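This report covers selected strands, aromatic rings and helix packing. The sequence and structure come first.

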Amino acid sequence: MTDVNHPAPQFSREEAAALAASHFGVGGVATPLDSERDQNFKLMSADGDWIFKVVNASEPGQESEFQAALLDHLARSGADVAVPGLRKTPEGAALAHAPADGGGRHALRLVSWLPGLPLAEVARTPQVLAGLGAALGRLDRALQGFIHPGALRSFDWDIRQASAARGRLGHVADDADRALLERFLDRFDAQVAPKLALLRAQVIHNDANDWNVLVDENDHCRIAGIIDFGDALHSPLIAEVAVACAYSILDVEDPIGAAASLAAGFHAEYPLREEEIDLLFDLIVARLVISVSLSAVRKAQIGDNPYLAISEAPAWRLLRRLDAMNRRFATAILRHACGFDAAPGAKAVTAWIEANRKNFAPILDRHPATLAKALVPYGDPAHPMTVTSAGQQPEKATAWWDAWCAENGIALGIGPWGEARTVYTSDIFWSRFVEGARRVHHLGLDLFMPAGTKVYTPLAATVKSVEIEEDPLGYGCLIALEHAPEGCPPFVTLWGHMAHEAMTRLKPGQRLAAGALVGEMGKPAENGGWAPHLHFQISTDPDLAARDILGVGEARYLDVWAELFPDAATLAGIPTETFHQTGRTRPEIVAARKASLLPNLSISYSEPIKFVRGEGAWLIDDRGRAYLDCFNNVCHLGHAHPDVVEAIATQAAKLNTNTRYLHDAIVTYAERLTATLPEGLSVASFACSGSEANSLALRMSRTVTGSNDALVLDWAYHGTTQELIDLSPYKYKRKGGKGRPAHVFEATIPDSYRAPDDWPVKEHAKRFAASIAEQIETMRKQGRAPAFFIAESIPSVAGQVFLPEGYLREVYAMVRAAGGICIADEVQVGFGRVGSHWWAFETQGVVPDIVTMGKPIGNGHPMSALVTTREIADRFNNGMEYFNTFGGNPVSCAAGLAVLDVIERDRLRDNAADVGAYLVAQFRDMQKRYEVIGDVRGMGLFLGIELVTDRRTKEPATEFARKVNDGARARGVLIGTEGPHDNVLKMRPPMIFSRRDADHLVGVLEETFAAVEAGGA
Ligand SMILES: Cc1ncc(COP(=O)(O)O)c(C=O)c1O
């Protein structure tokens, strides 16, 4: 600053050298340096180089004293930043004085000369700027707590005085320039000044322009020194950063990025506060406004000077660029660089959405996770859909997409968040932050479905705005909803390309419940000229107006936009697998199976599914489609149940060994398991599969009875070992089977639905049991007796056959009378699946001698169990050890205990009873509408629907069943077919199956039955 009323001192070099020698005892050669207000000399002496300063006589003494005290403080504080060192007078004074020509006196100061290059002469890379920020941070940290009366001054360059620039606006000749400054000043007065007063303040350098900063000649990132403390004062700390930025970011490609580097460097050394960073953009502007307005005054004072115009031009250019930027976005970049959320609470919003993802209302009529999805090809610039969309030919784009979807069975097109797209061709897509960069990355989530598709809010909302954006390739009808769920910072969702009907239905301030209609996907004529789709986007900054929300962003700041406008896929219920595929493709896996696995392994469905994740009742495939699992009864508590996962992981991390060592888990589990069974069934043994449990049951029965012969039910399945295949008509009677072995005797399936018409229902048990009596008689005639009778308590492979009431009572009595042991195979039906009881045999009012268990026992962990009576256990104990390497290990027992805990804690038997009864009622209702449904049967969550072509003849509708099975799969629901004729739809959903899940299953079955009946699938 030149004070024209107080010209700079006029000492000659010799006089200056003499003054330095006499006052400071340093003799040398003085060379004048530039200074507007004071007089500075470089003094080269034998003991180094110095700067000798002769202060303008008009400067109040306190200011010189302040600067000297400041340098003295820094020297003593040991700050890790080089600043000029004070050379004191022999008497120990920091300042000396010399008389001034016009009266008064000049303060004299001698400080060490710092080597280095001015920052102005090197490239301002992000690293250099971070280094500068860090140096300033260290400097200001050292100045924390330093105060001096001279610091409490105020002058034009004090950022708090920015408003004073208004008084200088008259000197700004250009109307547009003046208007620009006025805009900034209005904002400063209204929004910045009041907050500024509340920020922490301290002594700061206040003028880190690039001539006052020296860098190491060899390493420009190392700041070699900070000089010229002439503008230091007590001011808001953040002004230090703002002032440095105002110079450092002039004429750079990405000014906000440069400011962010500097601020982050400062923050790393001297942590800034959010409220300080939030004002940084405005304060950079304020400093520039001060600068250009003071230049305007000087221009007026000293006349039009071309050099002045050149030196102020960069500041004007920067002001214009800053004016075009969205302040909130710029602030987001600065906040993010310093490790704060891009918008306050942004990360909390994303975390809340993730944590609550299972509770959102579906955004579409059918949950998008359940639909077959594919990515829309906007990522491919040459694709016809991209080309026609960019060329504003939405009808062509739509026709292409519709045809492709029809061909590939796709119901929902997805335009992912972050995708780089070439469709954004107009000028509005130039970046305002990065010179020459374009905005190409999509920041919303697009859902492509036909025009008219209804969309619903996943959360309760307040309508923020509804408007029409007319621009070609704009949003058309645009809706913004504000959400303020409990425990989550408020955020906004944006719904673009909607039908105009929403304009008359929705009003700002209107409340919408979760699941309420937001609107419909608009036609091209009303949606901005696009193939129909919803642009769905989140803004974690709830104060952005709908039109200001950035729908497409530049690559450089994608990480910032990811916080400000996070991917809305989770909120929309789109599984992540939709976007990222891992591992081998389906055909690759099929080929690899063929090459390296037994060909006997079968694969479900003609178009096999690759599942990558399970969650509750849902299985998610490699393309992000969720299937409702109504078939796999192993995941008894639902897939990946957290309690079981944790129990397994915790125990596996601690110990896994075998039953020959003592461990608590096996005895605790045996006690807990036997407690669920009727009295008498008190001794347990553990194995790894249902087959192993059944195998042990056979060994026991044969040991105890001395007989080898078996009584089984027709179409039964009991396991995969040879001895069990021998007991499984379902295997030995079908392809590859060798027929019934001589020691196996087969009784009729007690299938009431197929009982002869003339059998009174009440007598079904007795009449079917007669078949057992016949077999025992046959055995007797051959001199044989049954070692055991084995049957599932509800024969499943035979077609979900529910035994007639009293059947097992009749049969068990006959078997026992013949000396046999009664084995209940509960591998499929146990563990509370029937709802009313823990075990399905209990519904028959019997107590077996041996119960075998498997599948659901460990919720997917391979384990099984057998429980028997003390008497049988003791008689089996003939000296031969029963050792099963893995059976009953601590990890398996931990899994088993967790399963029992969850069934009890969550009252899952009650749930099975409730939802099962609901499903049976729904199926019976369907039976009224679909002739093909011959019989509906179920108990808890063990369910069957038998299909017949003729209800009178009960001719199996095998083909119809197959089509329903495939059709349900095509609609995202897994069921199975079972029974000798494969005409029984089989369902065994997990015990956590909800009524909502049940409705989904029924809805899909309805749709599928109708489609199959109409000749489709
Ligand atoms: C009724 C029944 N028992 C036994 C088994 C054999 O169990 P695993 O496959 O675990 O050996 C099965 C398997 O499907 C079964 O359904």
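Two strands count as paired if DSSP finds at least two bridges between them. Helices (H or I, at least four residues) and strands (E, at least two) are DSSP runs, numbered from the N terminus. The model is predicted: local features need pLDDT of at least 70, side-chain atom pairs count only at pLDDT 80 or more, and totals for chains, interfaces and linings use all residues. Residues are numbered from 1 along each chain as its sequence is written, and side-chain values use heavy atoms, with hydrogens and water left out.

**Strand β22**

Strand β15 (residues 445-448) runs antiparallel to β22 and is joined to it by four bridges. Within this pairing, Asp446 has His535 of β22 as its bridge partner. Strand β19 (residues 491-498) also pairs with β22, over five bridges in the antiparallel sense; here Leu494 is partnered with Gln537 of β22.

Burial is judged by relative accessible area: under 20% is buried, over 50% exposed, and in between partly exposed (1.4 Å probe, protein chains only). By this criterion seven of the seven residues of β22 (residues 533-539) are buried. In a regular strand the side chains alternate between the two faces of the sheet. In β22, His533, His535, Gln537 and Ser539 point to one side and Leu534, Phe536 and Ile538 to the other, and both sets are buried.

**Aromatic rings**

Rings of Phe, Tyr and Trp (its six-membered ring) pair if their centres lie within 6.5 Å; planes under 30 degrees apart are stacked, over 60 edge-to-face, and the rest tilted. The structure holds 28 aromatic pairs.

Trp401 and Trp404 both belong to helix α12 (residues 394-408) and are three residues apart, about one turn of the helix. Trp401 is buried at 5% relative accessible area, whereas Trp404 is partly exposed at 29%. Ring pairs also join these two to Tyr378, Trp400, Phe448 and Trp530 in a cluster.

In the other pair, Trp715 lies in the loop between β28 (709-713) and α20 (722-725), and Tyr730 lies in helix α21 (residues 729-732), 15 residues apart. Trp715 is buried at 11% relative accessibility, and Tyr730 is buried at 17%.

Charges also sit over rings, which requires NZ of Lys or CZ of Arg within 6 Å of the ring centre and within 35 degrees of the ring normal. The charged end of Arg740 is placed over Phe745, 5.8 Å from the ring centre, and that of Arg969 over Tyr605, 5.3 Å from the ring centre.

Strand β31 (residues 821-825) and strand β32 (residues 850-853) run parallel and are joined by three bridges, with Ala824 opposite Val851 in β32.
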